[in-house]
Amino acid sequence: MEKRLYVDIHCLQTVPPSCVNRDDTGTPKTAVYGGVTRARVSSQSWKHAIRQEFSNLLPEEAIGTRTKRIVGMVQKEIQALDPSLSDQKAEKAATSALTAAGFKIKGAKEGTDALFLMSKKQAEGVAALAVQGSKDKNEYKKVLRDNPSVDMALFGRMVASDPSLNYDASCQVAHAISTHAVVNEYDYFTAVDDLGDDDNAGASHIGVSEFNSSTLYRYATVNVMELYQTIGLEAPEAVRAFIKAFITTMPTGKQNSYANRTIPCSVYVAIREDQPVSFASAFEQAVPATANGYENPSQEKLAEYAGKITKFVDTPYAAYVAGEGLEKLAKSMEVDEILENVEKDLTKLLPGGES
């Protein structure tokens with residue numbers, strides 16, 4: 001039987017008046033769940049924030065670059081191998097190498113038709129082949145398949161023109177939704193011309209901005225075995241970085257206008273050997289509005305639901321809690337202590353680990 005190993009991360013996070021993630025009209029994103037409208041923050045926006053945070057948590061070689069301008073990445077590595085090459089010659093060599101690999105290069109600045117996620121080691125591999133003068137497409141494809149970055153292994157890579165270069169994502173991130181119903185509000189604002197005439201009392205600009213506030217339920221899961229198959233025994237460290245970034249980051253939508261950056265009030269991390277389990281159903285019936293806010297009743301509903309699902313799924317191998325309100329599920333501890341424990345647990349459970 002194939003070994004299963006998942007890490008689930010659940011967060012409750014209260015966000016004050018804000019517009020964290022908006023649609024094409026500037027309206028905060030929402031979703032209807034349980035028959036009522038909820039605040040919503042898309043998984044894409046939070047994953048972007050997580051990838052950005054990786055630069056503070058992981059070494060440079062572990063992080064990929066998603067860009068159309070892959071010529072410049074390879075050119076840099078070519079010149080590192082052969083400093084005698086001029087910019088023009090290195091650029092030409094990089095373009096030729098990527099063309100040999102099967103990419104349609106419009107130009108060094110224009111790059112490829114679509115964004116491509118490339119690790120530093122992959123860029124180094126392409127550069128090495130270019131310096132050697134290789135024209136073998138299979139050699140280039142091999143180096144572009146090997147040595148994936150951590151974010152490539154976690155979030156996947158899709159290359160429509162060449163599926164052989166695809167990587168399946170080993171993590172899933174849910175759209176964050178409020179545990180309660182929301183109604184978007186409107187901020188009417190004006191701006192005054194600093195150099196305007198003294199006798200002009202009117203505004204030089206008038207605008208309206210939509211916002212809401214909410215207590216969000218956030219969930220993500222990592223298929224550790226799939227991650228292990230991609231990056232080997234670096235998987236525990238990658239999961240640790242992912243959990244840290246998931247807990248501490250926030251999308252930057254209109255952050256200057258609302259200064260809405262908060263951290264979760266409650267975190268529950270579970271290592272499961274059966275299947276990943278979202279607790280979103282705990283909030284299918286929206287938490288009612290009270291003068292005491294939404295955090296405490298949301299914590300109670302989350303803890304109650306986590307207890308109920310034991311009738312359907314296995315008890316987690318290990319579970320950890322940070323913050324308040326979820327002490328029924330596990331002893332509360334510092335986030336760094338959770339990260340340390342999860343990394344140790346996964347190292348023991350993975351083939352070739354400590355056990």
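Trainee: Leaving aside its neighbours within four places in sequence, which residues is T221 in contact with?

Mentor: This model is predicted, and residues are numbered from 1 along each chain as its sequence is written. Local features need pLDDT of at least 70, side-chain atom pairs count only at pLDDT 80 or more, and totals for chains, interfaces and linings use all residues; side-chain values use heavy atoms, without hydrogens and water. Contact means heavy atoms within 4.5 Å. With those neighbours set aside, T221 is in contact with Y6, V7, D8, S170, C171, Q172 and P276.

Trainee: Is T221 buried or exposed?

Mentor: T221 sits in strand β9; strands (E, at least two residues) and helices (H or I, at least four) are DSSP runs, numbered from the N terminus. Buried means under 20% relative accessible area, exposed over 50%, partly exposed in between (1.4 Å probe, protein chains only). The relative accessible area of T221 is 3%, so T221 is buried.

Trainee: How far apart are the C-alpha atoms of T221 and V269?

Mentor: Along the chain, the two residues are 48 residues apart. Their C-alpha separation is 9.6 Å.

Trainee: Is S45 buried or exposed?

Mentor: S45 is in helix α1. It is in contact with N21 and P251, leaving aside neighbours within four places in sequence. Its relative accessibility is 16%, so S45 counts as buried.

Trainee: What is the distance between the end C-alpha atoms of α1?

Mentor: The expected span of a helix is 1.5 Å times one less than its number of residues. Helix α1 (residues 43-57) has 15 residues, so it should span 21 Å. The model agrees, with its end C-alpha atoms separated by 20 Å.

Trainee: Which residues touch the most other members of the largest nonpolar core?

Mentor: A nonpolar core is a set of buried Ala, Val, Leu, Ile, Met, Phe, Trp, Tyr and Cys residues joined through side-chain atoms within 4.5 Å. The largest has 52 residues. Its largest share, 9 residues, comes from helix α8 (residues 235-248). The members touching the most others are F54 and F242.

Trainee: Which residues make the nonpolar surface patch?

Mentor: Nonpolar side chains (Val, Leu, Ile, Met, Phe, Trp, Tyr) are joined within 5 Å, like charges within 9 Å. Areas come from the Shrake-Rupley method with a 1.4 Å probe, and for residues only the protein chains shown count as cover. This patch, of about 490 Å², is made by Y186, Y188, I206 and V208.

How values were computed. Patch = residues over 30% accessible without salt bridge, like charges linked within 9 Å, V, L, I, M, F, W, Y side chains within 5 Å. Salt bridge = Lys/Arg side-chain N within 4 Å of Asp/Glu carboxyl O.
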